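This report goes through selected local features of one protein chain.

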Amino acid sequence: MNLLTFDKISTLSRATTNCPFLSRTKQTTLRSLCTATSARYPSLNKLSVQATRCPVMGPQLTVRAQETVAGYASMAGNNTADVEQIHKAQGISVPEGATVEMCPHAAAARAAARRAEDLAAATKTSAAEATGCPFHAKAGAKAADTGAFDYDKFFVDELEKKHKDKSYRYFNNINRLAKRNPIAHMAEVEDEVQVWCSNDYLGMGDNPVVLETMHRVLDKYGHGAGGTRNIAGNGALHLQLEEELAALHRKPAALVFTSCYVANDATLATLGSKLPGCVIFSDKMNHASMIEGIRHSKTEKVIWEHNDLVDLENKLKKYPKETPKIIAFESVYSMCGSIAPIREICDLAEKYGAITFLDEVHAVGLYGPRGAGVAEHLDYDVHKAAGTSPDPIPGTVMDRIDIITGTLGKSYGAIGGYIAGSDDFVDLIRSYAPGFIFTTSLPPASVAGAQAAVVYQKDYVGDRQLKQVNVRHVKRRLAELDIPVVPGTSHIVPVFVGDAALAKAASDKLLVEHDIYVQSINYPTVARGEERLRVTVTPRHTLEQTDKLISALDTVFTELDIKRLEDWKACGGRAGVGAGTEALSPLWTDAQLIGAPQTLKTGEKRVVDAKGVISARSRFDRLLGRKMGPVEPHGSKSVLQRELFAGRRQSAASGMSV
Ligand SMILES: Cc1ncc(COP(=O)(O)O)c(C=O)c1O
């Protein structure tokens, strides 16, 4: 067999006839092993690593790898004339000062050498582990002989179930480039794509003042936090971030967790188990973190239909008013873009003696005059007028919500999650929640970067305005082409496909043929038959990039014969598509978008707001010293100086662009 590694499905098919494992194993499993990179040996896929354990395949792979490397070495070392000959034949003239990195043969030789090294290491490890070949009958005999549980078979069977119900997840290798957002490279650095599904909604992951702050903190305080909050991991930066978040939501206190998944899980589990006889009312479309938190609370759970106030009330009224109740819901539902009727839910909570738990994960940074979320947005002018005051504003929706949770990992471009609420509630969670107590706290630089992002967004409304402007533009263009979008009033653009295989095929086609990355969303994240491409539009996408996205989607819809809006209308609609609700008014009104920056065009720099930079820096004066002048996150002063000044010019010149 002439194999270097199992890189291609076609190579696999040939090997299948000779190998008892390959012939026994399902194509779907082989495909996933073949397309997944080994974490331990990055130049190999998982199937090749498995094959090093096979007495037949293992030596073949090693010998072939060594032969290939030797072939390259002899060509480069002894026969430079041959190399020149090849270059000539291929019409390649070697420019003055060319380096080895520029030569395709050298690159191929290096890749082959890497693979050979990894194969040798994997073979050595396999031999040391002496597990024998997992593919041959002998291995099966091991478990049978000893009577021990067959763990490998169990893992394979469980994975097979995922393949069968089409919920097995393939992760793309996407490396977003800080200086070229929204461009990313894939596994190969030359292989670039436009990212249209990142949750770094505002591009804060590479905002200059965020990066500058993180560099300064890294230099002063190092990388890791050094422990749990209880043991050496509770620094001034953690405390000031919590103060900032409490002020953002105009609540007395806030508590930071390693993620909002953990925040939701730990808070609901702790609260639900502590409150005597508690009943948790959970919206049917709540995120997994809340579902798990409720499960961990081991208390009674009642699910109400998504955003359905009548159903919620019918369920609430079955319990005495004195029974402790939590209504758990989200403001923006990220897979369909629907927005909860928050004010009305607060009314029901008051009427039936419940407390409210609102997840603003997909709304913080994006809604409200200061980016505090939808609850703030619903009283936009009142909150705008209150400016930087941290005090609660009685009667506002945000004030009526008891517990707000948010993430630092999406619009704020960082990592971490938090809860905000009353002093005693926050202290209770701090004191009892294992998910908060027994884990290393977030690194200082990440915490500071998150705070810089929160402050910047509190001060500068332009990014979230421009995001909405761009979202409107994309939705309008899709509507013109009759491409179906699940109707909604938020920033989410769920392009509806309605079939799992087609959604995956559309995502693959966009990536492979158009260099556009939009992840397909399938069951169990959405119901079967409601599969979609979840497009996220950011302020950093240019007009030209949008043109490319729209035209690529149009082409892919045609080529795959995916239903358009008219088709859904004709069959009565699905998931709100084609059901006559397309013309919903966005949550951000035209008036709230006055003064938005212009959509970027190719080559234009994003706006970096000078006032936002100054505010963000001011929070770190005490710990890091006063910082003045242009932002310099990478030491490349001139570039960022230009960005800052370009930002000022554009801010000044910006007008309404809806
Ligand atoms: C609604 C919702 N809540 C919570 C989370 C978890 O947030 P984090 O990514 O900070 O863990 C997510 C993540 O996608 C989410 O969509």
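## Ligand shell

How do the residues of the shell around the ligand divide into nonpolar, polar and charged? Three are nonpolar, nine are polar and two are charged. The model is a predicted one.

The ligand has 14 residues around it, and those that come nearest are Ser259, Cys260, Tyr261, His287 and Thr407. Helix H12, residues 260–274, supplies the largest share of the shell, with three residues.

## Nonpolar core

The largest nonpolar core has 130 residues, among which Phe281 and Ala328 touch the most other members. H21 gives the largest share of this core, nine residues. In soluble globular proteins, nonpolar side chains tend to be buried together.

## Threonine 439

Threonine 439 sits in the loop that runs between helix H20 (434–437) and helix H21 (444–459).

Apart from neighbours within four places in sequence, threonine 439 is in contact with Thr228 and Thr258. Arginine 229 is 210 residues away from threonine 439 along the chain, yet their C-alpha atoms are separated by 7.9 Å.

## Cis peptide bonds

The peptide bond from asparagine 181 to proline 182 is cis, and its omega is near 10 degrees. Proline 182 belongs to the loop between strand S1 (175–176) and strand S2 (183–185).

Tyrosine 523 and proline 524 are also joined by a cis peptide bond, with omega about 10 degrees. Proline 524 is found in the loop between strand S13 (520–521) and strand S14 (532–535).

## Positive phi outside glycine

Alanine 232 is not a glycine but has a positive phi of about 70 degrees. This alanine 232 is placed in the loop between helix H10 (208–221) and helix H11 (236–248). Alanine 232 counts as exposed because it has 12 C-beta neighbours inside 10 Å.

Arginine 250, another residue other than glycine, has a positive phi near 50 degrees. Arginine 250 lies in the loop between H11 and strand S4 (253–257). With 22 other C-beta atoms within 10 Å, arginine 250 is buried.

Conventions
Residues are numbered from 1 along each chain as its sequence is written. This is a predicted model: local features need pLDDT of at least 70, side-chain atom pairs count only at pLDDT 80 or more; totals for chains, interfaces and linings use all residues. Helices (H or I, at least four residues) and strands (E, at least two) are DSSP runs, numbered from the N terminus. Two residues are in contact if their C-beta atoms, placed from the backbone, lie within 7 Å. A nonpolar core is a set of buried Ala, Val, Leu, Ile, Met, Phe, Trp, Tyr and Cys residues joined through C-beta atoms within 7 Å. A residue is buried if 20 or more other C-beta atoms lie within 10 Å of its own, exposed if 12 or fewer, and partly exposed in between; C-beta atoms are placed from the backbone. A residue is near a molecule or strand if its C-beta atom, placed from the backbone, lies within 6 Å of it. Ala, Val, Leu, Ile, Met, Phe, Trp, Tyr, Cys and Pro count as nonpolar, Asp, Glu, Lys and Arg as charged, and the others, Gly among them, as polar.
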